[in-house]
Amino acid sequence: MNARMYAWNVLDRVMNHGAYASLVMREKNDLSPLDQGLASEIIYGSLRSWMWLQYQWQDLAAKTKPKTAVLLSMSVYQLLKMERVPAYAVINDAVAMANPYEKKFVNAVLRQVQRRGERPVDETDELKKAAIETSHPLWILKLWEAHYGKSTALSIAQADQQPAAVYGRWNTLHEGWQTAAADPKVKAIEDDCFQY
């Protein structure tokens, strides 16, 4: 099983069967550390942008099976949000994983998404537009607006879309803080922790 197949199975369990991604991902798998990282990015990135991802392809397909919809959404995430992933690899893997009767459909939808690029959200209401762009339920944006005002509500929704900072801790028996400080990816060091 490769990283994309694993991500598809996890996302299907989460979106169509009510599972929790963090719990499903704790189950044993045979992925290499590199593939585990790719799968995690696909899974959490897709979940973070779910409504926006569906908006990007649903105008091209009126009716789709739930598992195929998950495949399309996670593939669109890779096409539009992951810069270092080649489009041909995403589309080829998605077509290979699709049901034999849906391979042409999946190929056509993903190639159309690739050709046109990101589809701007066509919504005049600012909160409804933000709900799609930030993949937040409209009711929560309205709740935040009622409590904090529209500007703050929109700011919170935008901040939620930022990937979380990654923190680490080094083993002082093996190396000192100087090793972490020399790593160009490290942004900050506090006591015995560092932030990427």
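A: A quick definition to begin with: helices are DSSP runs of H or I with at least four residues, and strands are runs of E with at least two. Keep in mind that this is a predicted model.

Q: How many residues are in the largest nonpolar core?
A: That core has 42 residues, and Ile43, Trp57, Val106 and Leu110 have the most contacts inside it. H5 gives the largest share, with eight residues.

Q: What does Trp57 touch?
A: Leaving out residues up to four places away in sequence, Trp57 touches Thr64, Ala69, Leu72, Ser73, Val76, Val109, Val113 and Arg116.

Q: And which residues does the second core include?
A: That separate core has nine residues, including Leu127, Ala131, Ala153 and Leu154.

Q: Switching topic: how many aromatic pairs are there?
A: Zero in this structure.

Q: Then what sits over the ring of Trp8?
A: The charged end of Lys67, 4.8 Å from the ring's centre.

Q: Last one: how much of the chain is buried?
A: Buried residues are 38% of the chain's 196 residues. The accessible surface is about 12,100 Å², with 52% of that belonging to carbon and sulfur atoms.

Key:
Residues numbered from 1 in each chain as written. Predicted model: local features only at pLDDT ≥ 70, side-chain atom pairs only at ≥ 80, totals over all residues. Heavy atoms only, no water. Phe/Tyr/Trp six-rings, centres within 6.5 Å; stacked < 30°, edge-to-face > 60°. Lys NZ or Arg CZ within 6 Å of the ring centre and 35° of its normal. Core = buried A, V, L, I, M, F, W, Y, C linked by side-chain atoms within 4.5 Å. Buried < 20%, exposed > 50% of the residue type's maximum accessible area, 1.4 Å probe, protein only. Contact = heavy atoms within 4.5 Å. Areas by Shrake-Rupley, 256 points an atom, 1.4 Å probe, with all protein chains shown as cover.
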